[in-house]
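Me: Could you walk me through this structure, one part at a time?

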Amino acid sequence: TAVFFLLSWPNGSAMPHIKIEASAGIIDVIDWANILNKLHTGLANEGWARLSDLKSRIHPCTAAVSADDPSAQQVIATLVLTNPRPAEMQRAMIQMVLEHLGQAIDATHPDQWVQCCVFLQPVPKHDYIKQQWNPPSSA
């Protein structure tokens, strides 16, 4: 049986999603599972989200060009928040995302131009619904 519900959490910190787009030349050289696990743990340890609510995914870019350099690499993250947070918390969250992604890029020892950007995308709670099948008890 599917269950639909609106999301809420008393301290307003539920449901961050992190969407990451990465160029073909860098997507295969980063240990994404490790980086995302560390990022999720870091966000949860700061009290900015429950670990069980964090969701991240990587999207490969089939084509990407920066300026006029087709060999340049891009890692573009979007932090989607479905509950309001203070501006300073939002800024700290995107800074943490940038730091974790930057460390992952540094570890690849890039020899070409690489850009990493993080966008913040607030989504009003009334514009988000969710359906789950067989969720873990912590969800």
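**Strands, a helix and an arginine**

Reply: This is a predicted model.

Me: Which residue stands opposite Glu21 in strand 4?

Reply: Ile76 is the residue that stands opposite Glu21.

Me: And what order do the strands of the sheet have?

Reply: The sheet is open and consists of four strands in the order 3-2-4-5, with mixed pairing. Strand 3 (55–61) and strand 5 (114–122) each have a single partner strand and stand at the edges, so one side of each is left without a neighbour in the sheet. From one strand to the next, the twist averages 15°.

Me: What holds strands together in general?

Reply: Strands of a sheet pair through backbone hydrogen bonds, and the pairing is either parallel or antiparallel.

Me: Now the helix. Which strands does helix 3 lie across?

Reply: Helix 3 (residues 87–107) lies across strand 2, strand 4 and strand 5. Relative to strand 5, helix 3 runs at about 155°.

Me: New topic: where is Arg85 found?

Reply: Arg85 belongs to the loop between strand 4 and helix 3.

Me: Is Arg85 buried or exposed?

Reply: Arg85 is buried, yet has no salt bridge. The nearest side chain of opposite charge is Asp53, 7.3 Å away. A salt bridge would require a charged pair within 4 Å.

Me: What does the side chain of Arg85 reach, then?

Reply: The side chain of Arg85 reaches the backbone oxygen of Trp48 at 3.2 Å, and also the backbone oxygen of Asn83 at 3.1 Å.

Note on methods:
Residues numbered from 1 in each chain as written. Predicted model: local features only at pLDDT ≥ 70, side-chain atom pairs only at ≥ 80, totals over all residues. Heavy atoms only, no water. Pairing = 2+ DSSP bridges. Helix = DSSP H or I, 4+ residues; strand = E, 2+ residues; numbered from the N terminus. Axes fitted to C-alpha atoms, helices over the stretch in contact; angles between N-to-C directions. Contact = heavy atoms within 4.5 Å. Buried < 20%, exposed > 50% of the residue type's maximum accessible area, 1.4 Å probe, protein only. Lys, Arg positive; Asp, Glu negative; His and termini not counted. Polar contact = N/O pair within 3.5 Å; in protein donor to acceptor, adjacent residues only side chain to side chain.
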